[in-house]
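The report that follows is meant to be read with the sequence and the coordinates at hand.

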Amino acid sequence: MKSWIEYWNSETPIYVSARHKALHYRLIATGIRDLILDPGIDALDYGCGEALSADLVAARCRRLILADAAPNVRARLTTRFAGEPAIRVAAPEEIAALPAESLDLVIVHSVAQYVPRPDFAALVRQLAGTLRPGGRIVIGDILPPDLSAVTDARALLAFGWQGGFLLPALLGLVRTALSDYRTLRADLGLTHYTEAEMLAVIEATGLTARRLEKNLGHNQARMAFVGARL
Ligand SMILES: C[S@@+](CC[C@H](N)C(=O)[O-])C[C@H]1O[C@@H](n2cnc3c(N)ncnc32)[C@H](O)[C@@H]1O
């Protein structure tokens, strides 16, 4: 496997059980839903993955675009949400072609670590251009420089304990340690940011930026940020 997108396009062992996957996507979806104070918005979840609970977000949107670079992920999303008129599935090229100022909320959760630094800055610039005045971009699950695999493992075990999948979480950690994820992590690396670096990436697009108190995902050692167009 040569790229992270190829990795995400395959059957990954990252979710240790069906319950883990379902609880993960429910947590992300409720986090996004809670960011929507005025229902009826146009939203984009960029690098959305399987987005199993996107219907919870769509219920508060006029339009929810689910975008992902992995074709197999998009195919599953298209099948899953065929009956949801507010949801549209899109490839990155289609997002690049969106009109300026056409969205109210853009989510980019757990994506930055898989994208080289200059490409991510360009992506944030492109996505910032799609925001209407008053619109926001939320960038979450950012890996700080000192984040270790041990901290990630501990957070997964705590999530497994709370969610009733502790044993699968333990087995899953072993499986991941022996999988392509570990090899790719060693070969391609993951992109980490300090708080100041991510604020600078967002502010360089002309948005005002601040760090959120909580990450959207289960791992509070990772950071989330919001950029707002005034
Ligand atoms: C860790 S998953 C995150 C899924 C979901 N956002 C979440 O928080 O659970 C990363 C996803 O980002 C997608 N991705 C990675 N790089 C991307 C890029 N440059 N453009 C669009 N999607 C990308 C992958 O295909 C994968 O589905």
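Is Asp141 buried or exposed, and how many other C-beta atoms lie within 10 Å? Asp141 is buried, because 20 other C-beta atoms lie within 10 Å, where buried stands for 20 or more other C-beta atoms within 10 Å of the residue's own, exposed for 12 or fewer and partly exposed for anything in between, with C-beta atoms placed from the backbone. The model is a predicted one, in which local features need pLDDT of at least 70 and side-chain atom pairs count only at pLDDT 80 or more, whereas totals for chains, interfaces and linings use all residues. Residues are numbered from 1 along each chain as its sequence is written.

Asp141 belongs to strand E5 (residues 131-142); strands (E, at least two residues) and helices (H or I, at least four) are DSSP runs numbered from the N terminus. Although Asp141 is not a glycine, its phi is positive, at about 65°. Ser110, in the loop between strand E4 (103-109) and helix H6 (117-128), also is not a glycine and has a positive phi, near 65°. Ser110 counts as buried because 21 other C-beta atoms lie within 10 Å. As background, most residues other than glycine have a negative phi.

## Parallel strands E1, E2 and E3

Strand E2 (residues 61-67) runs parallel to E3 and is joined to it by 4 bridges, and E1 and E2, also parallel, are joined by 6 bridges; strands are said to pair if DSSP finds at least two bridges between them.

E2 is mostly covered, as 5 of its 7 residues are buried. Strand E3 (residues 87-90) has a covered face made of Ile87 and Val89, and an uncovered face made of Arg88 and Ala90. In a regular strand the side chains alternate between the two faces of the sheet.

## The nonpolar cores

A nonpolar core is taken here as a set of buried Ala, Val, Leu, Ile, Met, Phe, Trp, Tyr and Cys residues joined through C-beta atoms within 7 Å. The largest core of this kind has 49 residues, and those with the most contacts inside it are Tyr46, Leu64, Leu66, Val106, Val108 and Ile139. Apart from it lies another core, of 5 residues, which include Val16, Leu156, Phe159 and Ala169.

Leu64 is in contact with Ala43, Asp45, Ala54, Val57, Ala58, Ala86 and Ile87, once neighbours within four places in sequence are left aside; contact requires C-beta atoms, placed from the backbone, to lie within 7 Å.

## The shell around the ligand

The ligand is surrounded by 18 residues, of which the closest are Trp8, Gly47, Gly49, Ala69 and Ser110; a residue is near the molecule if its C-beta atom, placed from the backbone, lies within 6 Å of it. Helix H1 (residues 4-9) gives the most to this shell, with 3 residues.

By class, the shell has 12 nonpolar, 4 polar and 2 charged residues, with Ala, Val, Leu, Ile, Met, Phe, Trp, Tyr, Cys and Pro counted as nonpolar, Asp, Glu, Lys and Arg as charged, and the others, Gly among them, as polar.

## Two partly exposed residues

Ser53 has its place in the loop between strand E1 (41-46) and helix H3 (54-58), and is partly exposed because 19 other C-beta atoms lie within 10 Å. Leaving aside neighbours within four places in sequence, Ser53 is in contact with Tyr25, Arg26 and Ala29. The C-alpha atoms of Ser53 and Ile28, 25 residues apart along the chain, are separated by 8.2 Å.

Ala121, which lies in helix H6, is likewise partly exposed, with 17 other C-beta atoms within 10 Å. Not counting residues up to four places away in sequence, Ala121 touches Val201 and Ala204.

## Overall dimensions

The protein contains 10 helices and 7 strands, and 34% of its 230 residues count as buried. Its radius of gyration is 17 Å, which agrees with the value near 17 Å for a compact globule of 230 residues; the radius is taken over C-alpha atoms, and the globule rule is 2.2 Å times the number of residues to the power 0.38. Along the principal axes, the C-alpha atoms fill a box of roughly 45 × 40 × 35 Å. Among contacts between residues at least 6 apart in sequence, 68% join residues at least 24 apart.
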